[in-house]
Amino acid sequence: MSDKTVQLKAFERLLVIMDELREQCPWDKKQTMESLRHLTIEEVYELGDAILDNDLDEVKKELGDVLLHIVFYSKIGSETNNFDIADVCNSICDKLIDRHPHIYGDVVVKDEAEVKRNWEQLKLKEGKDSVLEGVPKSLPAVVKASRIQEKVAGVGFDWEEPEQVFEKVEEEIAELKVEISKGDQDAIESEFGDVMFSMINYARFLKVNPENALERTNKKFIKRFQYLESKAKSLDKSLKDMTLSEMDVFWEEAKLL
């Protein structure tokens, strides 16, 4: 791995290139923070895919794309005299120092859980009215539920044992069954949401990231279904013309791969 001098030189190179693109490239010159926003979100998702695939070469490339966007926003901020890349770096450095008093102060912590609790308490001292203020409104629902639960747990609003959480899951499933029997669609959706929320909470106690777990299942299903499609194609058949029992044979084969 390269030393700090080489790393700083590489970062300086990126800053210079960004300056040149902003001055000379018709596309780059037109961009605003608003026009970049959806592209940034896309890049972060692509990074997430690479991480889940454990493709480290792709992780490196996607990190570069995300870093480019950070530099791009900072460049735009400097043009309006609001902030530049130095302000961005110093801002996060100051925050990290302030929120790690067990490293940069005299606070003593015994474990990771205590660090998380201190983190949320420090954020409240910074003037936030609620520990949930830091949860972005536009987060996907599964990720948002997970972050909400982590944050309230950080201030002590939490179950004591995993068994209690699973009992809550079973309770919510029972309530969902009642509403299904009644046929009230709005109530069914509400109870279904409660089941998902409690399952996401249980995942935290199992030390499972629910978003990663679900995406892992998505990838597994896609791989197996595409195997099924390829086998049907090799037989010159269309899936819609096959029976479920015929498709199940190939599905079971896919599970063994």
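Glu 79 sits at 39% relative accessible area, so it counts as partly exposed (buried is under 20% relative accessible area, exposed is over 50%, and partly exposed is in between, with a 1.4 Å probe and protein chains only). This is a predicted model, in which local features need pLDDT of at least 70 and side-chain atom pairs count only at pLDDT 80 or more, while totals for chains, interfaces and linings use all residues. Residues are numbered from 1 along each chain as its sequence is written, and side-chain values use heavy atoms, with hydrogens and water left out.

Back to Glu 79, which lies in helix α4 (helices are DSSP runs of H or I with at least four residues, strands are runs of E with at least two, and the numbering starts at the N terminus). Arg 22 has a relative accessibility of 12%, so it counts as buried.

Salt bridges turn up elsewhere too, and the structure holds 13 of them. One of these joins the side chains of Asp 53 and Lys 219, at 3.2 Å from N to O. Here again distant parts of the chain are linked: Asp 53 is in the loop between α3 (33–52) and α4, Lys 219 is in helix α11, and the two are 166 residues apart. Asp 53 is partly exposed because its relative accessible area is 46%, and Lys 219 is partly exposed at 28% relative accessibility. Lys 237 and Glu 246 make another such contact through their side chains, at 3.3 Å from N to O. Both partners get the partly exposed label, Lys 237 with a relative accessible area of 40% and Glu 246 with 31%. There is also a network, in which salt bridges with shared partners join Asp 57, Lys 60 and Lys 61.

Next come the aromatic rings. A pair of aromatic rings is described by the distance of the centres and the angle of the planes. Rings of Phe, Tyr and Trp (its six-membered ring) pair if their centres lie within 6.5 Å; planes under 30 degrees apart are called stacked, those over 60 edge-to-face, and the rest tilted. By this rule the count comes to 3 aromatic pairs. In one of them, Phe 166 and Tyr 202 have ring centres 5.1 Å apart and planes at 45°, so the pair is tilted. It links distant parts of the chain, with Phe 166 in helix α9 (residues 162–182) and Tyr 202 in helix α10 (residues 185–205), 36 residues apart. Phe 166 is partly exposed, at 35% relative accessible area, whereas Tyr 202 is buried, at 18%.

Phe 221 and Phe 225 form a stacked aromatic pair, 6.1 Å centre to centre with 10° between the planes. These two phenylalanines are about one helical turn from each other, because they are 4 residues apart in helix α11 (residues 210–234). Phe 221 is partly exposed with a relative accessible area of 48%, and Phe 225 is partly exposed with 29%. Ring pairs also bring in Trp 251, making a cluster of Phe 221, Phe 225 and Trp 251.

Finally, the surface patches. They are made of residues with over 30% relative accessible area and no salt bridge, where like charges are joined within 9 Å and nonpolar side chains (Val, Leu, Ile, Met, Phe, Trp, Tyr) within 5 Å. Accessible areas come from the Shrake-Rupley method with a 1.4 Å probe, and for residues only the protein chains shown count as cover. Ile 97, Ile 103 and Tyr 104 form a nonpolar surface patch, with about 340 Å² of accessible area together. Tyr 104 lies in helix α6 (residues 101–104) and counts as exposed because its relative accessibility is 57%.

Glu 161 is found in the loop between α8 (141–153) and α9, and it counts as partly exposed at 43% relative accessibility.

Methods:
Salt bridge = Lys/Arg side-chain N within 4 Å of Asp/Glu carboxyl O.
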